[in-house]
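Here is a short briefing on one protein chain. Look at the fold first, then read the points by topic.

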Amino acid sequence: DRDVIGHREYLSDTTDAEKRQYLYRLSLEGGVLNCGQPLPNNTEVKLSFDRAIAAISLLYKQYGSSVTYPSELDSKVLDIIDPYLEVEYISSPYLRNFYAQIEDRPITIRYDDCNIYMKTINKGQTMIRVNNVMGGLTPEFLFAGFVRTDALNGDFLLSSTRFVDIGFKEVCVTLNGMPCQGYPISTDFHKPVKLFSKFIDTIGKSKKSIAGDTISPSYFCAYYTLLSHRFEGEPTNEGWIGLDIKLNSPLEEDYTLGI
């Protein structure tokens with residue numbers, strides 16, 4: 001897209017004829033660890049990253065049999081120069097009294113914990129069953145999607161964050177072998193509209209006509225076809241979570257299921 005390329009060139013600094021340098025600023029909407037509470041004074045925060053190689057994190061703007069792809073970034077990551085975390089210092093009599101209690105007894109910090117599970121699904125399958133994905137207390141939310149395995153191995157033409165529709169016929173999220181509320185979902189139409197409706201309901205934007213803009217059905221079906229569920233009102237709040245998926249036709253490529 002020429003507009004996208006033009007914006008990228010405008011926002012970058014040219015270091016030489018072939019390379020450009022960008023300044024990125026990412027705003028955390030919910031604070032560190034998505035915690036709404038300020039951290040206690042003199043708290044040390046360490047950030048670590050498991051970084052993807054360049055062929056996973058980038059898409060090449062040209063494609064075709066006549067295109068020669070760059071090789072200087074093979075099995076390498078992009079250089080990050082001078083990363084830092086900018087925070088606000090907040091103080092009040094209430095906060096000072098609250099955090100002073102830590103000298104006598106522990107205080108509680110609430111934060112979000114996200115666990116990711118990956119499983120390779122080989123081509124040719126029409127039935128995908130993943131039992132015992134995780135056990136113990138149920139999480140608040142579950143999201144699952146399929147990405148081309150080649151994209152996760154590194155490919156300048158494939159997006160590593162595109163969760164595709166692999167031809168779902170029926171999907172089911174289970175808890176201790178029993179379907180969770182709202183499942184199973186059959187997708188008897190050529191587009192996974194029911195999965196989109198379930199996703200909007202899961203993230204709390206269903207029937208909110210004046211809420212902020214959200215993902216469109218066409219964009220969801222093309223790029224973010226996710227299986228989703230919010231665990232509330234289940235018979236129990238602990239056990240083993242699984243997925244049962246039926247497809248309309250055998251898989252033509254190897255995919256990786258990310259949960």
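## Strands, core and salt bridges

Strand E5 (residues 141-148) and strand E11 (residues 255-258) pair in the antiparallel sense, over four bridges. The model is predicted. The points below cover strand pairing, the nonpolar core, the salt bridges and a surface patch.

**Strand pairing around E5**

**Strand pairing around E10**

- E10 and E4 run antiparallel and are joined by five bridges.
- Methionine 134 has isoleucine 241, in E10, as its bridge partner.
- E10 and E6 also run antiparallel, with seven bridges between them.
- Lysine 246 in E10 stands opposite glutamate 170.
- Is E10 largely enclosed or largely open? Five of its seven residues are buried, so E10 is largely enclosed by the rest of the structure. Buried here means under 20% relative accessible area.

**The nonpolar core**

- The largest nonpolar core has 36 residues. Ile128, Phe146, Ile166 and Phe168 touch the most other members.
- Several elements each supply at least two residues of this core: E4, E5, strand E6 (168-175), helix H5 (193-202), helix H6 (217-223), E10 and E11.
- Which element gives the most to this core? E6 does, with five residues.
- Leaving out residues up to four places away in sequence, phenylalanine 168 touches Phe146, Thr187, Leu195, Thr225, Leu227, Ile245, Lys246, Leu247 and Asn248.
- In soluble globular proteins, nonpolar side chains tend to be buried together.

**Salt bridges**

- How many salt bridges does the structure hold? The count is five.
- One of them joins arginine 129 to aspartate 244, with the closest N and O atoms 3.0 Å apart. Arginine 129 lies in strand E4 (residues 127-134) and aspartate 244 in strand E10 (residues 241-247), so the pair ties together parts that are 115 residues apart in sequence.
- Arginine 129 counts as exposed because its relative accessibility is 51%, and the cut-off for exposed is over 50%.
- Glutamate 140 and arginine 230 meet in another salt bridge, at 3.0 Å from N to O. Glutamate 140 sits in the loop between E4 and E5, and arginine 230 in strand E9, so this pair links parts 90 residues apart in sequence.
- Glutamate 140 is partly exposed at 45% relative accessibility. Arginine 230 is partly exposed too, at 33%.
- Glu140, Arg230 and Glu232 are linked in a network of salt bridges.
- Aspartate 150 and arginine 148 also form a salt bridge, at 3.6 Å from N to O. Aspartate 150 is partly exposed, at 38%, and arginine 148 is partly exposed at 24%.

**A nonpolar surface patch**

- Which residues form a nonpolar patch on the surface? They are Leu28, Leu39, Val45, Leu47, Phe49, Leu85 and Val87.
- Together these residues have about 700 Å² of accessible area.
- Leucine 39 is in the loop between strand E2 (20-21) and helix H2 (54-57). With a relative accessible area of 39%, leucine 39 is partly exposed.

Definitions and conventions:
Residues are numbered from 1 along each chain as its sequence is written. This is a predicted model: local features need pLDDT of at least 70, side-chain atom pairs count only at pLDDT 80 or more; totals for chains, interfaces and linings use all residues. Side-chain values use heavy atoms; hydrogens and water are left out. Two strands pair if DSSP finds at least two bridges between them. Patches are made of residues with over 30% relative accessible area and no salt bridge: like charges are joined within 9 Å, nonpolar side chains (Val, Leu, Ile, Met, Phe, Trp, Tyr) within 5 Å. Accessible areas come from the Shrake-Rupley method with a 1.4 Å probe; for residues, only the protein chains shown count as cover. A salt bridge is a side-chain nitrogen of Lys or Arg within 4 Å of a carboxyl oxygen of Asp or Glu. Buried means under 20% relative accessible area, exposed over 50%, partly exposed in between (1.4 Å probe, protein chains only). A nonpolar core is a set of buried Ala, Val, Leu, Ile, Met, Phe, Trp, Tyr and Cys residues joined through side-chain atoms within 4.5 Å. Contact means heavy atoms within 4.5 Å.
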